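This briefing is for a reader meeting the structure for the first time. It takes up a sheet, an interface and some record annotations in turn.

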Amino acid sequence: MLSVGFRALFQRELLRFVRRPKNTFMPPAITNVLYFAVFGIILGGRIDEPVAGIGYILFLVPGLVVLGTISNAFENASFSIFHGRWNEYIHETLTSPLSYVEMVVAYVGASAVRGLIVGVIIAVIGRLFVPISIENGLFLVATMVVIAALFAGFGIIGGLVARDFDDLTVMNQFILRPLVFFGAVFYSLTMLPSTWQTVSLLNPMVYMVDSVRYGLLGYSDMLEIAPAAYAEFAPYASLGVLTLLTIGVIAVDVYLFKIGYGLTD
Amino acid sequence: MPPAIETTDLVKEYGDLRALQELSLTVEEGEFFGLLGPNGAGKTTFINTLVGLVRKTGGEARVFGHDVEDDYRQARDAIGLAPQEFNVDRFFPIREVLMHKAGYHGIPEDEAGERADEVLKRVGIYDKRNERFDWLSGGMKRRLLLARALVTEPDLLILDEPTAGVDVQLRHDLWELVTELNEEGTTVLLTTHYIEEAERLCDRVAIMNEGRKVTVATPDDLKTRGTDTISVRLEDAPSVTPSVGGYAHEATLEGDRFEVRVDDGGSTAPQLLNDLEAAGHEIADLEITRTSLEEIFVDLTRQDDRTTTRSDAPTNEESAGDEGAETPAREQEGLA
């Protein structure tokens with residue numbers, strides 16, 4: 001897997017966003033300073049602890065980390081693929097002897113790295129507003145890697161199916177963002193009436209935000225609202241399902257590359 | 001050694017449109033092979049099938065014996081492509097673009113850097129190595145496409161209309177460079193609209209039209225398929241066209257200028273002169289004009305009389321290419 005060709009493409013993908021911090025890292029940094037300032041301090045000061053023992057700013061941190069991570073992983077992969085298609089320089093990759101698996105893993109891997117870097121930046125910004133201690137480090141890292149890769153994988157599909165740049169905006173703004181905002185980023189599921197709790201469980205983002213919250217703060221809504229016999233395993237079940245989903249999405253990416261969907265005539 | 005390119009009954013369909021129609025073509029290792037044809041003939045579709053930018057609908061295609069789909073990695077590794085379009089990574093300085101491309105082909109970073117410098121020097125844009133593609137002039141962009149094709153040291157170099165829209169100097173530079181590469185052992189496949197280019201560079205050419213192979217021949221062979229024109233100026237200006245032998249395909253008279261179209265001007269001219277003198281005409285001067293490759297090309301690809309022209313000099317390749325030649329013309333513009 002770590003062939004010279006794979007490393008070359010992976011490095012090219014990393015350099016593309018690392019050399020453009022104004023376009024890639026500054027926007028989420030500024031946005032999240034605003035989130036923490038407005039929602040956390042100005043509004044959050046008037047909101048009771050959503051969960052006993054966890055103040056509102058601290059409660060916000062995992063959700064905002066997830067929001068930044070997945071939207072940047074998605075954006076990077078979809079942009080990189082679509083821009084390459086638009087200007088046809090993705091042909092440089094497609095006409096090379098890289099295997100389809102190597103191509104996809106390089107694109108997904110680099111985009112996941114961008115998502116993770118943004119996640120860390122947001123966590124560091126959060127740390128400026130509130131003390132944070134990591135409760136379940138290994139679980140947190142595993143979850144972050146999985147969701148970053150998952151959305152990078154979705155981003156590849158987005159970049160392949162998009163017909164113009166507006167399509168990318170639509171995907172991010174009209175699909176991703178609403179799901180995240182209703183994914184228990186800004187509130188706890190325990191604050192919702194039971195009907196809406198159940199409806200929320202249909203939203204896959206809930207599990208991602210909840211898993212990261214569990215990793216970071218040691219608190220999980222699932223532990224509270226899942227049936228007692230199941231609750232203890234709930235965060236691990238979420239991680240397991242997300243991992244399988246990620247593998248599935250990457251397999252779809254590889255298949256699309258193999259058949260040349262959106263890439264070849 | 002297997003041929004550099006070998007396709008058998010290669011088909012590419014876009015819905016109802018057949019861009020490649022049972023195309024069987026062989027390019028031997030070390031050859032300088034030309035692919036000629038009008039716009040929409042399927043030249044670029046053919047090339048893109050080899051490099052993985054088009055998925056074939058049917059038939060087989062191999063590069064140095066490697067199937068372009070089953071053994072796509074080996075097939076692609078052997079090819080360096082300089083396409084028509086400026087499909088270059090805009091994010092990086094051109095030296096890095098070349099290093100990335102070399103890297104994708106498994107060349108370690110240090111060596112990739114050396115190769116990038118080497119090919120940039122070879123195509124004459126080394127001093128622009130730290131510029132991005134968008135900042136290069138049109139001619140430099142064309143040079144970079146060639147450099148990118150060369151940086152992986154391919155066994156098969158494919159040039160898709162490399163001199164379209166370039167100035168004379170660059171055209172000659174490119175010709176010199178690809179000739180050198182071919183002499184060093186690189187197989188070259190060149191598509192072009194310029195007959196002069198094919199005539200000057202290619203060992204053999206294939207003429208394509210509507211996704212089919214019309215013929216494959218050396219440029220010299222092709223020329224012999226055309227007719228020559230013997231133009232004779234007569235001292236008197238006869239009132240009726242002189243009668244000549246069956247060797248003449250066509251004879252025309254305009255004033256004192258008598259023109260006869262024959263297969264081989266050199267060997268037919270003495271016979272023609274004898275016939276004219278025997279008929280009482282006095283010859284003032286004589287000129288023989290060989291058919292240009294361009295005229296033959298136009299003849300071969302002209303749809304309305306193509307079968308007639310080709311039937312004059314049938315070959316094995318033609319027989320394959322003739323299949324379905326009567327199919328009405330389809331619009332293929334933009335697919336190439």
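This is a predicted model. Strand E1 (residues 5–14) of chain B is paired with strand E4 (residues 58–63) of chain B in the antiparallel sense, over five bridges.

- Four strands of chain B make up an open sheet, in the order E2-E1-E4-E5, with antiparallel pairing.
- Strand E2 (17–27) and strand E5 (66–67) of chain B stand at the edges; each has a single partner strand, so one side of each is left without a neighbour in the sheet.
- Within the sheet, B:Ile5 stands opposite B:Val63, a residue of E4(B).

**Where chain B touches chain A**
- The contact involves 24 residues of chain B and 22 residues of chain A.
- On the side of chain B that touches chain A, the elements giving two or more residues are helix H1 (43–51), helix H2 (72–77) and helix H3 (94–104) of chain B.
- H3(B) provides the largest share of that side, four residues.
- By type, the residues on this side of chain B are nine nonpolar, seven polar and eight charged.

**Annotated stretches of chain A**
- An unreviewed UniProt entry annotates residues 25–44, 51–70, 104–126, 138–162, 174–192 and 236–257 of chain A as "transmembrane region".
- In the model, residues 51–70 of chain A are 75% helix and 0% strand, and their end C-alpha atoms are 25 Å apart.
- Residues 174–192 of chain A are 42% helix and 0% strand, with the end C-alpha atoms 23 Å apart.

Note on methods
Residues numbered from 1 in each chain as written. Chains lettered and ligands numbered in written order. Predicted model: local features only at pLDDT ≥ 70, side-chain atom pairs only at ≥ 80, totals over all residues. Pairing = 2+ DSSP bridges. Contact = placed C-beta atoms within 7 Å. Nonpolar A, V, L, I, M, F, W, Y, C, P; charged D, E, K, R; others polar. UniProt positions renumbered as here; feature names shortened; annotations may be inferred.
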